[in-house]
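Have the model open while you read.

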Amino acid sequence: AMIRVGYRSTDLGNLGTDDYAQINYRGANAAGIKVGAYFFSQAITVEEAEEEARYVLATVKDWQVDMPIVYDWEYVSDTARTADMDARLLTDCTKAFCSIIEDAGYDSMIYFNRDQSHKQMYLEELTKYPFWLAMYTTVMDYPYKVDMWQYTSTGSVPGISGNVDLNLWFTYE
């Protein structure tokens with residue numbers, strides 16, 4: 001289970017806690033499901049990305065985290081505070097977040113979609129981190145190695161009402 005810990009607002013840039021983070025963690029843990037976490041970033045500076053990483057670490061400090069902690073920065077709209085984010089700054093924010101997570105002893109990961117990876121990031125600088133790709137297709141044809149593939153946002157899971165994202169986590173030997 002990849003649990004959203006929190007987010008940064010798209011308008012003012014305030015940090016927020018996902019109201020269901022602790023509930024989702026307790027449920028997954030009680031069911032014996034491996035747990036990872038992610039933060040929905042809208043950082044526009046390296047300092048904000050670092051603040052987000054510290055926020056995540058404070059939230060998960062009492063959790064059993066078996067999977068990576070993920071930096072999830074997504075383009076939202078032309079009116080969001082992140083509208084003018086460029087690849088250099090996004091790559092630097094990503095490195096800063098992941099570095100703090102790893103320095104704290106956790107595994108990190110980067111979430112992105114195909115378009116974002118081609119236009120908004122310098123992936124060649126981020127290859128030391130696992131990749132989680134959102135690509136809603138029936139065939140994986142992404143040209144780079146990914147560690148997790150989010151293949152739909154309209155999945156269903158018993159016990160959860162509404163659509164859920166479904167993913168495959170690849171293990172390489």
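**Notes on the model**

1. Asp78 is exposed, at 67% relative accessible area (exposed is over 50%, buried under 20%, partly exposed in between, with a 1.4 Å probe and protein chains only). You'll find Asp78 in the loop between strand 4 (69-73) and helix 3 (87-103); helices (H or I, at least four residues) and strands (E, at least two) are DSSP runs numbered from the N terminus.

2. Keep in mind that this is a predicted model, where local features need pLDDT of at least 70, side-chain atom pairs count only at pLDDT 80 or more, and totals for chains, interfaces and linings use all residues. Numbering starts from 1 along each chain as its sequence is written, and side-chain values use heavy atoms, with hydrogens and water left out.

3. The largest pocket comes in at about 940 Å³. A pocket here is an open set of points on a 1 Å grid over the protein atoms alone, where a 1.4 Å probe fits, with protein on both sides within 12 Å along at least five of seven lines; lining residues have an atom within 4 Å of a point. Volume is the space filled by probe spheres set on the points, which are joined across faces, edges and corners.

4. Of the 29 residues lining the largest pocket, Ala1, Met2, Ile160, Val164 and Asp165 lie nearest its centre. Strand 8 gives the largest share of that lining, five residues.

5. The second largest pocket has a volume of about 210 Å³. Its lining includes Pro68, Met109, Trp169 and Phe170.
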